[in-house]
Amino acid sequence: MLFSGFVAVTLCITMWAGLQADGVEDFYAGGRRFNSVQNGLALSGDYMSAASFLGIAGAISIYGYDGFLYSIGFLVAWLIALMLVAEPFRNTGRFTMADVLAYRLRQRAVRTAAGVSTIVVSVFYLLAQMAGAGVIVSLLLGVNNDVGKIGIIAATGILMIIYVSIGGMTGTTWVQMIKAVLLIMASLLITILVMLKFNFDISALLGAAAERSGEGSAFLEPGLKYGATSTSKLDFISLGIALVLGTAGLPHILIRFYTVPTAKTARRSVIWAIGIIGAFYLMTLVLGFGAAALIDPDTIIASNKAGNTAAPLLAQEMGGSIGSEWGAIMLAMISAVAFGTILAVVAGLTLAASSSFAQDLYVNLKRKGRITEDKEVNVARTAAVIIGAVAIVLGAFARDMNVAGLVALAFAVAASANLPTILYSLFWKRFTTHGALCSIYGGLASSVLLVLFSPVVSGKPTSMFPDADFSWFPLENPGLISIPLGFVLGWLGSVLSKEKPDEGKYAELEVRSLTGTGSH
């Protein structure tokens, strides 16, 4: 009932938004009508994904202190977005990430590279959300077989396509705002109930979690997941780099800066987002350790190998344990919120990818800008269908993986391919088209290649293909190698290029990015 209610309400909002939309600016940027509070909520909604609600709580419930490192990395990352990207990005671009990169470089080559990178990063992020959808609905409906889980993932993909195709950015933004409010309220309710159980004594909570985990004091110390070997320590460093640098390169986050009227509003919306997201990540600490303290670890792992069901199982326990009426109500409520979280995020991701395909690859490459607005919007809607289908297929393979880990991979790819190019474009006047192509394609290829041959894909029981083993790269996150490589390739490609940087264009870009003069 709660599931159906959320879907029905959000579909009505999407239909309303679709009727309001008029042209590409409404479809891509919501008409730039949102204020800082609204966009701050929408940014929070985009960011507080299945990885945050399901993956981090699950990681904490299994790995204790090491699981909480995800929360720290995800939050600190916003400082990079606030200090370096939000205002200049809003001032320089129009609809997509490629608008900023192509401002002073060769349009066709850079837009192609940026479009490809946007789609790849979005698909990686979509994997996590699809996996989360399969987990949460399967738990609520009691679906244990793989066919049922794949069917749930497919249904999620179809809803995602409807949201984007009809509502565009306006509909997606309103859905994000509603979802952010519901997620904060649901998390706060569970947090209060857990703390009541321990008389608001955080020490008692942590002590109970350590005791029930079977790991003792090691559960509250670094090293349970990332400190046992030299490889795991390097994996932790790699994860941290990816989390901190990845946010400022995520396309679905970057395009949110275009939905506000001014750069000042963009900056204020990031400040609102930091406050909301920070409060939420503090609550994930209680959710994760609460699950560890109140639920047997074997029960969590039996429900989902990666621990993704820890938060819903905790909600059920807070309602009066498995089988009780209030337990079922609490489980349904948290599951509905989690599913709403997933739907909202996948809609934002699909919009970013389809917008980039239509604007960067189709309009500017194939049609060279000669296309009507209605035709361009139709192309974006068609792209949403194709990207949704790809996400469904790949999500079926990733259904048993930890969603926080999957999102961390998307962060690594974004930080490797997108962030170096964005920062060089905005702040280095000697940056050239050749450097941009080296940075994007080099960072993209290295990060994706290292993921394919890592334990994430094969060689472990929790891998995407657990029965195969073709992994030769020992780290689960490629950021330690691919992110510095992306920066080095951008620099090397520029200094070795025979192309002379356009200093006049850079001066124009600098003035526009810092002052907003001439921005859309």
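Predicted model: local features only at pLDDT ≥ 70, side-chain atom pairs only at ≥ 80, totals over all residues.
Residues are numbered from 1 along each chain as its sequence is written, and side-chain values use heavy atoms, with hydrogens and water left out.

Reader: Which helix holds Ser-232?
Author: Helices are DSSP runs of H or I with at least four residues, numbered from the N terminus. Ser-232 belongs to the run of residues 230-246, which is helix H10.

Reader: Is Ser-232 buried or exposed?
Author: Buried means under 20% relative accessible area, exposed over 50%, and partly exposed in between, with a 1.4 Å probe and protein chains only. The relative accessible area of Ser-232 is 11%, so Ser-232 is buried.

Reader: Which residues does Ser-232 touch, not counting those up to four places away in sequence?
Author: Contact means heavy atoms within 4.5 Å. With residues up to four places away in sequence set aside, Ser-232 touches Lys-225, Tyr-226 and Gly-227.

Reader: At what angle do the axes of H10 and H20 cross?
Author: Axes are lines fitted to C-alpha atoms, for helices over the stretch in contact, and angles run from 0 to 180 degrees between N-to-C directions. The axes of H10 and helix H20 (residues 479-496) come within 8 Å and cross at roughly 45°.

Reader: What is the orientation of H10 and H20 to each other?
Author: Angles under 35 degrees count as roughly parallel, over 145 as roughly antiparallel, 65 to 115 as roughly perpendicular and the rest as oblique. The crossing angle is roughly 45°. H10 and H20 are therefore oblique.

Reader: Which residues of H20 make the contact with H10?
Author: On the H10 side, the contact involves Leu-234, Ile-237, Ser-238, Ile-241, Ala-242 and Leu-245. Their partners in H20 are Gly-479, Leu-480 and Ile-483.

Reader: How are the rings of Tyr-125 and Phe-411 arranged?
Author: Rings of Phe, Tyr and Trp (its six-membered ring) pair if their centres lie within 6.5 Å; planes under 30 degrees apart count as stacked, over 60 as edge-to-face and the rest as tilted. The structure holds 13 aromatic pairs. In the pair of Tyr-125 and Phe-411 the centres are 6.2 Å apart and the planes are at 40°, so the pair is tilted.

Reader: How many residues apart in sequence are the parts that Tyr-125 and Phe-411 tie together?
Author: Both Tyr-125 and Phe-411 are buried. Tyr-125 lies in helix H7 (residues 107-141) and Phe-411 in helix H17 (residues 403-417), so the pair ties together parts whose separation in sequence is 286 residues.

Reader: Which residues form one aromatic cluster with Tyr-125 and Phe-411?
Author: The cluster has Tyr-125 and Phe-411 as members.

Reader: How many residues of helix H18 are buried?
Author: Helix H18 (residues 419-427) is mostly covered. Among its buried residues are Pro-420, Tyr-424 and Ser-425. Of the nine residues in H18, the number buried is eight.

Reader: Which residues is Tyr-506 in contact with, leaving aside neighbours within four places in sequence?
Author: Tyr-506 lies in helix H21 (residues 503-515). Tyr-506 counts as buried because its relative accessibility is 9%. Beyond its neighbours within four places in sequence, its contacts are Arg-104, Ser-425, Leu-426, Phe-427, Trp-428 and Lys-429.

Definitions and conventions: Helix = DSSP H or I, 4+ residues; strand = E, 2+ residues; numbered from the N terminus.
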